[in-house]
Amino acid sequence: MSNWLMVVGLEHYLVLSILLFSIGMMGFFFHKSIIMLLVCLELMLNAVNLSFVAFSHFSNNISGQVIVFFTMSIAAAEVGVGLAISVLFFKKKKSFDISEVEKIKG
């Protein structure tokens with residue numbers, strides 16, 4: 001097997017991270033469901049986490065991995081709050097459509 005297939009460099013991780021972040025950003029702007037917005041936001045956070053871990057690995061510095069733990073805790077809190085708001089929104093409007101949010105301003 002060729003040796004160039006076995007080498008995965010920093011640029012590969014960064015390209016994958018950019019690709020995941022772009023998919024998440026496109027989904028965040030074009031979906032109207034609250035659940036899909038949360039999923040796309042998680043995808044963007046995980047793309048950033050991937051780049052932090054890649055930089056941490058290739059620079060032999062553990063601070064990137066520590067930042068990932070903080071990001072993961074923020075993401076967990078965001079999902080908890082987001083799902084609670086989604087459940088309350090669904091109870092009131094019987095829909096997850098984000099365009100219905102404009103109607104409940106009060």
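These legends describe views of a predicted model of one protein chain.

View 1. The protein chain holds three helices and zero strands. Followed along the sequence, the pattern reads α-α-α. The radius of gyration is 18 Å, well over the 13 Å that the globule rule gives for 106 residues, so the protein chain is more spread out than a compact globule. The C-alpha trace spans about 60 × 25 × 20 Å along its principal axes.

**View 2. Surface, burial and charge of the chain.** Of the 106 residues, 23% count as buried. The accessible surface amounts to about 7,600 Å², and carbon and sulfur atoms account for 74% of this surface. The protein chain carries 7 positive and 6 negative side chains, with 16 Å between the centres of the two sets. When contacts between residues at least 6 apart in sequence are considered, 54% join residues at least 24 apart.

**View 3. Helix 3 from end to end.** Helix 3 covers residues 63-93 and has 31 residues. From its first C-alpha to its last, helix 3 reaches 44 Å, which is close to the 45 Å expected at 1.5 Å a residue. Just after helix 3 comes Lys94, which takes a positive phi of about 55 degrees.

**View 4. The buried residues of helix 3.** These residues are Gly64, Val68, Thr71, Ala75, Glu78, Gly82, Ser86 and Phe89. Helix 2, residues 34-59, is included in what covers them.

View 5. Glu42 has its place in helix 2. Leaving aside neighbours within four places in sequence, Glu42 is in contact with Ala75, Glu78 and Val79. Glu42 and Met72 are 30 residues apart in sequence, and their C-alpha atoms are 9.4 Å apart in space.

**View 6. Asn61 in the loop between helix 2 and helix 3.** The loop that joins this pair of helices contains Asn61. Asn61 has a relative accessible area of 39%, so this residue counts as partly exposed. Asn61 and Ile98 are 37 residues apart along the chain, and 41 Å separates their C-alpha atoms.

Notes
Residues numbered from 1 in each chain as written. Predicted model: local features only at pLDDT ≥ 70, side-chain atom pairs only at ≥ 80, totals over all residues. Heavy atoms only, no water. Helix = DSSP H or I, 4+ residues; strand = E, 2+ residues; numbered from the N terminus. Expected span 1.5 Å × (residues − 1). Buried < 20%, exposed > 50% of the residue type's maximum accessible area, 1.4 Å probe, protein only. Contact = heavy atoms within 4.5 Å. Rg over C-alpha atoms; globule rule 2.2 N^0.38 Å. Areas by Shrake-Rupley, 256 points an atom, 1.4 Å probe, with all protein chains shown as cover. Lys, Arg positive; Asp, Glu negative; His and termini not counted. Charge placed at Lys NZ, Arg CZ, Asp CG, Glu CD.
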